[in-house]
Amino acid sequence: MDAGLLILRLVAGLLIAGHGVQKVSFRLGGNGLAGGTEEFRHDGFRGGRLTALAAGGSQIGAGLFLAAGLLTPAAAMAAMGVMTVASTVKWRNGLWVQNDGYEYPLVLVVVSAVLALTGPGRWSADHALGLTPWPLWISVAAVVVGPAGGLLTRVVLGRPPTPGRRAPHAQTAD
């Protein structure tokens, strides 16, 4: 079981961190902070540069902490929050990733929730520091607060649509 949790943490955590690196740099195929800023504006967010920095930093931190198994409930909560925001951006495109849907962010939310509930396993920083097992109430709180925080972030930072302006990624009738 510990080997499985280690693989799950490493793959999911490093993918989440890599996604954050793309938001704020030219590494891993990113478009730099200016590109990340434009992506958030295009997706209907206020704040531009600050929003891109906060999202990218959250993804990098949450991903690296998940990969290490360090403060796992908090790392999972942050990962669930940012990936819930990503799901809201893609919601209008449906579930499947082939249509730019929310399938991939949803998988990362679920994996993060599972890690919060199962714990990181013996081969983790939490275990080495004597922090495991985490109390169930902390894990459950992380699973609730993470997605709720992501939804609240979307509401607070979302720009109201401009009259006469088509929503980003909207399909037009032919």
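Helices (H or I, at least four residues) and strands (E, at least two) are DSSP runs, numbered from the N terminus. In the present structure, Leu28 is placed in the loop between H1 and H2. This residue, although not a glycine, has a positive phi of about 55°. The structure is a predicted model, in which local features need pLDDT of at least 70 and side-chain atom pairs count only at pLDDT 80 or more, whereas totals for chains, interfaces and linings use all residues. Residues are numbered from 1 along each chain as its sequence is written, and side-chain values use heavy atoms, with hydrogens and water left out.

Thr132 and Pro133 are joined by a cis peptide bond, with omega at about -5°.

Two helix pairs were examined for packing. Axes are lines fitted to C-alpha atoms, for helices over the stretch in contact, and angles run from 0 to 180 degrees between N-to-C directions. The axes of H2 and H3 come within 8 Å and cross at roughly 105°. H2 is therefore roughly perpendicular to H3 (angles of 65 to 115 degrees count as roughly perpendicular, under 35 as roughly parallel, over 145 as roughly antiparallel and the rest as oblique). In this contact (heavy atoms within 4.5 Å), Leu33, Gly36, Thr37, Phe40 and Arg41 of H2 meet Arg49, Thr51, Ala52, Leu53 and Ala55 of H3. By class, the contact of H2 with H3 comprises 5 nonpolar, 3 polar and 2 charged residues; Ala, Val, Leu, Ile, Met, Phe, Trp, Tyr, Cys and Pro count as nonpolar, Asp, Glu, Lys and Arg as charged, and the others, Gly among them, as polar.

H4 and H7 pack at an angle of about 35°, their axes being 7 Å apart. The residues of the contact of H4 with H7 divide into 11 nonpolar, 7 polar and 1 charged. Among them are Met77, Gly81 and Val85 in H4 and Ala142, Gly146 and Arg154 in H7.
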